[in-house]
Amino acid sequence: MKYEYDLVVIGAGSGGVRAARMSAGFGAKVAVIESSHLGGTCVNVGCVPKKLFVYAASFADAFEDAPGFGWGRARPSFDWPALVEAKNNEIARLNKIYGKILTDAGVEIVEGRGRFVDPHTVRVGDRTLSAKKILIATGGKPWAPEIPGHELGTTSNDMFFLPKLPKRIVIAGGGYIGVEFASIFHGLGVETHLVHRHEFLLNRFDGDVRRHFTEQLRHRGIHAHLGHTIQSLQKRGEDIVATLDDGTQLAADLQMAAVGRRPNTQGLGLEEIGVDVDHDRGGVVVNDDFQTTVPHIYAIGDVIDRIQLTPVALAEGMAFAHTHYGDKPRGVDYESIPTAVFGTPQVGTVGLTEEEAWHRGEEVVVFRSVFTPMKNILAGRHEKMLMKLVVCAQTDKVFGVHVVGPDAGEIVQGFAVAMKCGATKAQLDHTVGIHPTAAEELVTMRTPVKK
Ligand code: FAD
């Protein structure tokens, strides 16, 4: 059977673009279908614009801290539409770069929404594309429970295009997206309420990290309503009123749900061609080689609902391209994936939490340090930094590195490399610190706080 393409990729996000361009680089004839903007969630409504907003909000701290270092107290005004316009220009520039990367690699870009018509054919508008192999890389989308009045709420997708900055916002969900947007809006001067169903924010992070982070975030003036959920939304005049499970009513200009994301599998025609999806959350079911229940159809990235991070989607895309069109098969190592939360404060983490280590039955030694970063002293900022190492009691191997405070993400990246190399606590102890930095604390913690 002769097909038009060796590979058709549905979705030009982080994973799809990487898989398409590498496969084409290995000599495959490839088309990629995209229904929205090139670059997917990360470039258009995720990591990149979010980080630009994080930078924008971080000036608030700089202005607040500056008088401690001899600067005057005058505070410049903030222009939200100017920020959104600058962000839009940057994203448009990146969209173009993605287009060029793909076409330079010889990938054909097909605009429109793809849907399977049979296991080897995808329809886009009035065009059909046939391929020997098809890769589903359609990502995910925000999900919100259908509480009464839910249609009055917004999601992270909307935050990047708000015509004006709200004066008050209620955010549901204390995961990384919720706390990052709470930090951004608070930094920009918005009265920010964060409603989270558990006692501490950032579920699944290390317990000390969660406690420290929650405390610091509250200390900054973000109103965290912990142990609660939003039961309904109502319009009252110009306000949106969120009613919590204890009857508390929070009036705001905007409500944002950040309570989860779901794989983008609807409308692809997967059921008709026999590609199984998980009934609970709708993720495409794949084996270790990213193969679906139809052997020549594969899936990577957020749509398989494993670890929803851009570098993971990229790694899966590369593994796919190497395996199918490169010189040798490759897998993805999901152990010790570092990650950051770009909130105020920032969190950087890699490896096991203390709780995970206990649950695995490991005997651990814990090192922990809580201190005031140097810059905060003259700034008069009463914020402390947390650093924590979880170490195997038997082998001395570092199981986990957890940091809460300025530049935590930047600090942890290097320690993630050390952990991949199997670093032990003794090796950290033998490493000379860089002085004066906060990161040197991670190589100078001598006394365990727990065994
Ligand atoms: P996506 O990037 O979502 O790409 C899927 C693409 O498929 C989209 O462009 C979509 O339009 C297209 N598509 C869908 N259906 C069809 C169809 N039927 N036909 C054609 N095209 C289709 N990750 C990090 O690592 N660090 C961060 O700091 C970070 N911050 C984030 C902040 C926010 C607010 C959000 C929402 C996510 C963030 N992420 C972050 C997660 C990251 O964006 C995703 O893990 C990553 O984009 C997943 O890549 P993907 O290729 O699987 O899917």
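Predicted model: local features only at pLDDT ≥ 70, side-chain atom pairs only at ≥ 80, totals over all residues.
1. Helix 1 and helix 9. Helix 1 (residues 14–25) packs against helix 9 (residues 310–325) at an angle of about 25°, and the two axes lie 8 Å apart. The pair is therefore roughly parallel, since angles under 35 degrees are counted in that class. The crossing in which helix 1 passes helix 9 is right-handed. On the side of helix 1 the contact is made by S14, G15, R18, A19, M22 and S23, and on the side of helix 9 by T310, A313, L314, G317, M318, F320, A321, H322 and Y325. Sorted by class, the residues of this contact are 8 nonpolar, 6 polar and 1 charged.

2. Helix 1 and helix 4. Helix 1 also packs with helix 4 (residues 80–104), here at an angle of about 30° and with the axes 9 Å apart. That angle makes helix 1 roughly parallel to helix 4. The residues that meet are V17, A20 and R21 from helix 1 and Y98, I101 and L102 from helix 4. This contact holds 5 nonpolar residues and 1 charged residue, with no polar residues.

3. Helix 3 and helix 6. For helix 3 (residues 47–65) and helix 6 (residues 176–187), the packing angle is about 40° and the axes are 8 Å apart. Helix 3 is oblique to helix 6 because of this angle, and the crossing of the two helices is left-handed. Helix 3 contributes K50, F53, V54, A57 and A60 to the contact, while helix 6 contributes Y176, E180, S183, I184 and G187. By class, the residues of the contact between helix 3 and helix 6 comprise 6 nonpolar, 2 polar and 2 charged.

4. With a threshold of 30 Å³ or more, the model has 1 cavity, and the volume of the largest cavity is about 30 Å³. A reader who wishes to locate this cavity in the structure can look for its lining, which is formed by Q216, P345, P373, N376, E383, K384, M385, G405 and P406. The lining of the largest cavity is made up of 4 nonpolar, 3 polar and 2 charged residues.

5. P345 and its peptide bond. P345, one of the residues that line the largest cavity, sits in the loop between strand 18 (339–341) and strand 19 (347–351). The peptide bond that joins T344 to P345 is cis, with omega at about 5°.

6. Further backbone details. A cis peptide bond is also found from H435 to P436, where omega is near -5°, and P436 is placed in the segment after helix 13 (425–429). L202 is a residue other than glycine with a positive phi, near 60°, and its place is the loop between strand 10 (191–196) and helix 7 (207–219).

7. About 350 Å³ of space is found in the second largest pocket. The pocket is lined by 20 residues, of which P263, T265, Q266, V277 and G282 are the closest to its centre. Strand 7 (140–142), strand 16 (261–263) and helix 8 (270–273) are the elements that each give two or more residues to this lining, and helix 8 supplies the largest share, with 3 residues. In terms of class, the lining of the second largest pocket has 7 nonpolar, 6 polar and 7 charged residues.

8. D305 and its contacts. D305 lies in the loop between strand 17 (297–299) and helix 9. Leaving aside residues up to four places away in sequence, D305 touches P263, R281 and G283; of these contact partners, P263 is also listed among the residues closest to the centre of the second largest pocket. Although D305 and G139 are 166 residues apart along the chain, their C-alpha atoms are separated by 8.8 Å.

Note on methods. Residues numbered from 1 in each chain as written. Heavy atoms only, no water. 1 Å grid on protein atoms, 1.4 Å probe; cavity = no way out; pocket = protein on both sides within 12 Å on 5 of 7 lines; lining within 4 Å. Points joined across faces, edges and corners; volume = space filled by probe spheres on them. Nonpolar A, V, L, I, M, F, W, Y, C, P; charged D, E, K, R; others polar. Axes fitted to C-alpha atoms, helices over the stretch in contact; angles between N-to-C directions. Helix = DSSP H or I, 4+ residues; strand = E, 2+ residues; numbered from the N terminus. Parallel < 35°, antiparallel > 145°, perpendicular 65-115°, else oblique. Left-handed = near helix turned anticlockwise from the far one by under 90°. Contact = heavy atoms within 4.5 Å.
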